[in-house]
Amino acid sequence: MNSSEKIDFISEWIADYAKKSNFSSLVIGISGGIDSAVSSTLSAKTNLQTHVVTMPILDHQTFNIRGNNHVDWLKKNFDNITHHHIDLSKVFGEFQNELGSNNSEHGYANSQARLRMTTLYQIAASNNGIVVGTGNKVEDFGIGFYTKYGDGGVDISPIADCLKTEVWDMGKELGINQEIIEADPTDGLWIDGRTDEQQVGLSYQEIEEAMLNEKSPNRDRYLEIRSKNVHKMEPIPVCILPK
């Protein structure tokens, strides 16, 4: 399928799922990155009421501005957009204060994603909606690069069968703002603004090549990353009692 066909197929899939499940709206977080930009646009194309939610926590002005610019672009192109701006910085600050010495930096990064997940579900519950995921195939099924019960906590995953490069291609086809197309991917959960590549050690193109080619020079690194996160991609272990 070319990008245009993927766009139509995914948008129709989202609409069909919502209709069959008796939901009347879609809820999606906006980060300023390509995945949320494409997923929110695919959602808007369904003509269902689409609630887009910006949820700043850390003071990352560049990311926040890109997200707000995308919301403005959506409003100009679709008449079914409702924007919610929920500033979670004070909530997160209180959360940190209450945790005291339980101050793992990595834990706090994940906690931001989980606060956002909780926010999206509250909005969904208030609007007969479903939470739309933004994870792509590389993150969700390749290296497990997401927060368990954070951005991994969603009702549907419309682009989870698309490689990152396919998401970029759809973004170009959709006319997504160029600043988002060109931006270095990042989860925005760290004070220093580190990119995904800086965290993982490989670019998305390198990861994709390693996923698809067992002889890739990056295959061992890919498998190493995957092994640490495979627990996220498998069902929760259940202790089965003997009969």
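The entries below record what I looked up.

**Basis.** I am working with a predicted model, in which local features need pLDDT of at least 70 and side-chain atom pairs count only at pLDDT 80 or more, while totals for chains, interfaces and linings use all residues. Residues are numbered from 1 along each chain as its sequence is written, and side-chain values use heavy atoms, with hydrogens and water left out.

**Sheet.** I find four strands in an open sheet, ordered E3-E2-E1-E4 with parallel pairing (strands are DSSP runs of E, at least two residues, and helices runs of H or I, at least four, numbered from the N terminus; two strands pair if DSSP finds at least two bridges between them). Strands E3 (81-85) and E4 (129-131) stand at the edges, and because each has a single partner strand, one side of each is left without a neighbour in the sheet. Strand E1 (residues 25-30) is joined to E4 by three bridges, and I note that Ser25 has Gly129 as its bridge partner in E4.

**Salt bridges.** I count seven in the structure, taking a side-chain nitrogen of Lys or Arg within 4 Å of a carboxyl oxygen of Asp or Glu. In one of them Glu166 meets Lys6, with the closest N and O atoms 2.6 Å apart; this pair links distant parts of the chain, since Glu166 is in helix H7 (residues 164-174) and Lys6 in helix H1, 160 residues apart. Lys6 is buried at 15% relative accessible area, whereas Glu166 is partly exposed at 21% (buried is under 20%, exposed over 50%, partly exposed in between, with a 1.4 Å probe and protein chains only).

I also looked up Lys137 and Asp161, whose closest N and O atoms are 3.4 Å apart. Lys137 lies in helix H6 (residues 137-143) and Asp161 in the loop between H6 and H7, so the pair ties together parts 24 residues apart in sequence. Asp161 is exposed at 58%, and Lys137 is partly exposed at 29%.

A network of salt bridges links Glu105, Asp192 and Arg194, and within it I read 2.9 Å, N to O, for Asp192 and Arg194.

**Cysteines.** I find zero disulfides, the criterion being a pair of cysteine sulfur atoms within 2.5 Å. Cys162 is buried at 7% relative accessibility, while Cys239 is exposed at 69%.

**Surface.** Trp13, which I place in helix H1 (residues 3-20), is partly exposed at 37% relative accessibility.
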